[in-house]
Amino acid sequence: MSNKTTIEPLQGPLSGTARVPGDKSISHRAVLFSAMAEGTSHISGVLDSEDVRSSIAVVTQLGAVVDLEPCEDGSLAGTVRGWGQAGPTQPDAPLDCGNSGTTARLLMGMLAPWPIQVTLTGDDSLRRRPMRRNTAPLMKMGVQFKPAEADHLPITETGTADLRAITYDAPMASAQLKTAVLLAGLYAHGTTTLNEPAPSRNHTELMLPEYGVPTTAGTRVAEVSGPAVMHACDLHVPGDASSAAFLVAAALLKRGSSVRIEGVSLNPARIGFVRTLERMGADIAEHVEGHEGKEPFGSIDVSFTASLHGCEVPAQHFASILDEVPVLALVAAHARGVTVFKGVAELRAKETDRIQAIMEGLEKLGIDVWEEGDNLYIEGDPHLRVPEGLTFDSKGDHRIAMTWALVGLCGEASVAVDDFAAVAVSYPNFLTDVESMVRA
Ligand code: S3P
C-alpha cells in the first residue's frame, strides 16, 4: 500500500529559537538502566517516539514498573521502578523490539546475567540487521543464544548467573555492542574491558556513574568492574543532536534563515556534523551552557550559507557523524565541489542500506554520487534546483524520510515522500517543528 506524503516548500526563511525532542540514545539508556536498577528512578525529557516506546514495552514485559506520562513539551516524564537484584521476570511471550536496534542490542547485555529464556524479535527491518556482533562477545561471557550461529532476530537468549569477565577487541566502533558488553560486565566477577577501533558514542560510560556504577573510559577503551549494584537515580534527557541536525540543515539550505536550537546535547561524540559543516564553510557555532549529569548541553546557532564547499570527512570522524551522513549528504549536494565521506560501510547495516538510499535519492536530483570501496563521493551543485514531481522513498527509515522531506521544504518544488510516517521512530513532530520556525 503506497503511503505518500506531499511536502510543500516553506513559505519563508526559518528564524527564532527552537527546541528538539529528547535524545534517542540517552532516552533508551534512561529507560533501560532504570529498569535494571534497584529502586525507583525519576526521569524527564524522555523522547516520546516509537523506538523509545519499544524499550518501555520490553522492560515492562520483564517486570519493571514504568510510569511515564506525556508532558506539555511532548516529552515523557515520571518514574521507573527497576527489577534490581531480584532480576527480570520470565516473560510469557517474545519481546518485540519494533524498529529499534538499540533496544534489541542493549537488551542482550541486560539479560545476560539472568537465567531466564527470552526470545527477542522485531519488525522486518530489525530482523534484517546484524546481531552476531553482539552475541559473539556475550557467548564468550557464558550466555547462550539459539540458534548459536544466528546473525538475525528472532534469537532466544538464556543468561547465566556465572558470567565471565572478558577483554574484547570489538571489530567495529558500535555503542550498542559496547553497551551490551559493559552491562553484562557489571554482573561478572572482575573487570570487563571493551576496546574499540574508533570511539563510539559514550552515553553509557557517562550515565552508569549516575546509577552508582563507576566506569573508566579512555578514547577507545571502556571498562567496568563487577559484580556491581545499580541504584535508582534522577536524570533529565537533553535534546537530540541528531534531530537538531535536520533543523540545522533546513536553516543552512533555506535562503535567509538564521536560528538558534536550544537545550540540545553537545556531546562531542554526537556533534561531528557541526565540525563537518564548519569545514564546508557553514555559518554555525555551538555554545555549551551546562551539563545534565555528565552530558554537556547548550545551543547551536546556524544561518543560511550561500557558499558551501565540499570537504573530505576522514574515516576516523565517521563514528561522530554516523546517523547524520544522510542529511550531510544532502547538504553536500548543494555545495561546490566534491565531498567524500570515508569509511562509511557500516551505513549498510542501519534501518535500511543508507548508502544505497542516499545514492538513489541524490541521483533523482541530478547529482553525481558514487561509491569507491567504503567511501561515498558526492559532487555538489550550488545551483541545484528541485525539479517538479519528484517522489522519494524513505525505505521505512526515519532519517532517510527526514532527509528527503528537506528537499521539498527547502527547495522550489514540492516533493512526495513514500512512508514519511517512519519519522515517528525518532522525531514524530519533525514537519510541524520545521514549519513553525517560519515566522509570519
Ligand atoms: C546508538 C548507536 C549507534 C547509532 C544508533 C544509536 C546507540 O549505532 O547508529 O542510532 O544508542 O547506542 P552503533 O551501535 O552502530 O554505534
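Let me start with two strands: S6 and strand S7, residues 117-121, pair in the parallel sense over two bridges. Strands here are DSSP runs of E with at least two residues, helices are runs of H or I with at least four residues, and both are numbered from the N terminus. Two strands count as paired if DSSP finds at least two bridges between them. Within this pair, aspartate 96 stands opposite threonine 121 in S7.

Before going on, a word on the source. This is a predicted model, where local features need pLDDT of at least 70 and side-chain atom pairs count only at pLDDT 80 or more, while totals for chains, interfaces and linings use all residues. Residues are numbered from 1 along each chain as its sequence is written, and side-chain values use heavy atoms, with hydrogens and water left out.

Back to the sheet. Which order do its strands take? The order is S6-S7-S9-S8, in an open sheet of four strands with mixed pairing. The edges are strand S6 (95-96) and strand S8 (144-146), each of which pairs on one side only. S7 runs antiparallel to strand S9, residues 155-158, and four bridges join them. In that pairing, leucine 120 has isoleucine 155 of S9 as its bridge partner. S9 also pairs with S8, in the antiparallel sense, over three bridges. There, phenylalanine 145 is partnered by glutamate 157 in S9.

The loop between S8 and S9 holds proline 147. Proline 227 is in the loop between strand S13 (221-226) and strand S14 (234-236).

Next, a hairpin. Strand S20, residues 368-372, and strand S21, residues 375-380, pair in the antiparallel sense over five bridges. Glutamate 372 stands opposite asparagine 375 in S21. Two residues lie between the strands of this hairpin, and glycine 373 takes a positive phi near 60 degrees. Lysine 395 is not a glycine, yet has a positive phi of about 55 degrees. Lysine 395 sits in the loop between strand S22 (391-393) and helix H12 (398-410).

Now the ligand. Which residues surround the ligand? They are Ser25, Arg29, Thr102, Ser174, Ala175, Gln176, Arg201, Leu322, Asp323 and Lys350. To count as near, a residue needs a heavy atom within 4 Å of the molecule. By class, this shell has two nonpolar, four polar and four charged residues. Nonpolar means Ala, Val, Leu, Ile, Met, Phe, Trp, Tyr, Cys and Pro; charged means Asp, Glu, Lys and Arg; the others, Gly among them, are polar.

Serine 174 has a polar side-chain atom 2.6 Å from an oxygen atom of the ligand. In alanine 175, a backbone N or O atom lies 2.9 Å from a ligand oxygen atom. For lysine 350, a side-chain N or O atom is 2.7 Å from an oxygen atom of the ligand. How much of the ligand does the protein cover? The protein covers 97% of the 380 Å² of accessible area that the ligand has on its own, by the Shrake-Rupley method with a 1.4 Å probe. Helix H1 (24-36) and helix H6 (175-185) are the elements that give two or more residues to the shell around the ligand.

Note on methods: Polar contact = N/O pair within 3.5 Å; in protein donor to acceptor, adjacent residues only side chain to side chain.
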